[in-house]
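Please look through the structure below, starting with the chain as a whole and ending with the ligand.

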Amino acid sequence: MKFFLDTANLDELQAGAAMGIVDGVTTNPSLVAKEGKDFKTLVGQICEIIPGPVSAEVVSTDCEGMVKEARELVKIADNIIIKLPTIPEGVKALKICVEEGMKVNCTLIFQPLQALIVAKAGATYCSPFLGRLDDIGHDGMGLIEEIRLIYDNYGFKTEILAASLRHPLHVVQAAKAGADIGTMPFKVFGQMLNHPLTDIGLERFLADFKKLQS
Ligand code: G3P
């Protein structure tokens with residue numbers, strides 16, 4: 001499973017990069033707005049910190065506007081992935097972007113047919129939002145399982161990018177359900193290695209070793 005960071009914060013990305021296990025980045029208009037910086041400059045800086053795929057989202061809602069934005073965004077860096085909303089205009093834009101050689105991440109996926117459609121249209125990534133489904137009492141993880149089954153049935157190469165992961169258990173469940181990628185906030189990334197028994201165990205090892213030296 002690949003790990004992406006779901007943030008546009010440069011400090012978080014630098015700290016993540018230092019761990020050496022971050023494969024890519026996802027951003028969205030809300031995450032970018034939180035940083036209060038010029039969008040394209042910020043995305044360029046993110047692409048330098050993390051050499052893997054970096055998703056940058058369009059904000060137009062019509063096909064023509066989306067494609068126009070996408071053509072500008074791909075000029076920022078070679079590792080830019082165009083993020084498009086999974087709406088009819090977004091699917092039209094997806095086809096055009098794919099024909100022009102861009103890699104596209106289709107976002108805001110909440111049901112399996114949206115995932116099937118974007119795979120047929122050539123998306124590189126499909127992003128189901130698990131946490132937001134859980135928020136309304138639906139089975140976020142069940143959606144990953146359904147998409148995995150459908151993609152495997154037809155041999156689609158579109159990668160399942162499990163998004164809106166809110167805690168480490170979501171990452172475990174997404175991995176078990178066969179998601180190719182988990183994108184997570186920096187907080188969740190930091191929580192993934194935690195276990196109190198690891199800390200207690202290390203403390204004891206070091207205390208015992210110290211006795212040997214005294
Ligand atoms: O990658 C999607 C993510 O940014 C949405 O997460 O927690 O706002 O549902 P959340």
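Of the 214 residues in the chain, 46% count as buried, meaning under 20% relative accessible area with a 1.4 Å probe and protein chains only. This is a predicted model, in which local features need pLDDT of at least 70 and side-chain atom pairs count only at pLDDT 80 or more, while totals for chains, interfaces and linings use all residues. Residues are numbered from 1 along each chain as its sequence is written, and side-chain values use heavy atoms, with hydrogens and water left out.

The chain has eleven helices and eight strands; these are DSSP runs, with helices (H or I) of at least four residues and strands (E) of at least two. Taken along the principal axes, the C-alpha atoms fill a box of roughly 75 × 40 × 30 Å.

Now turn to the ligand. Which residues surround the ligand? They are Asp-6, Asn-28, Phe-129, Arg-132, Ala-163, Ser-164, Arg-166 and Thr-183. This shell divides into two nonpolar, three polar and three charged residues. Here Asp, Glu, Lys and Arg count as charged, Ala, Val, Leu, Ile, Met, Phe, Trp, Tyr, Cys and Pro as nonpolar, and the others, Gly among them, as polar.

Some distances can be given for this shell. In the side chain of Asp-6, an N or O atom is 2.6 Å from an oxygen atom of the ligand. For the side chain of Arg-132, the distance from an N or O atom to a ligand oxygen atom is 2.6 Å. Ser-164 has a polar side-chain atom 2.7 Å from an oxygen atom of the ligand. Taken alone, the ligand exposes 310 Å², and the protein buries 82% of that; these areas come from the Shrake-Rupley method with a 1.4 Å probe.

Key
Near = heavy atom within 4 Å. Polar contact = N/O pair within 3.5 Å; in protein donor to acceptor, adjacent residues only side chain to side chain. Buried < 20%, exposed > 50% of the residue type's maximum accessible area, 1.4 Å probe, protein only.
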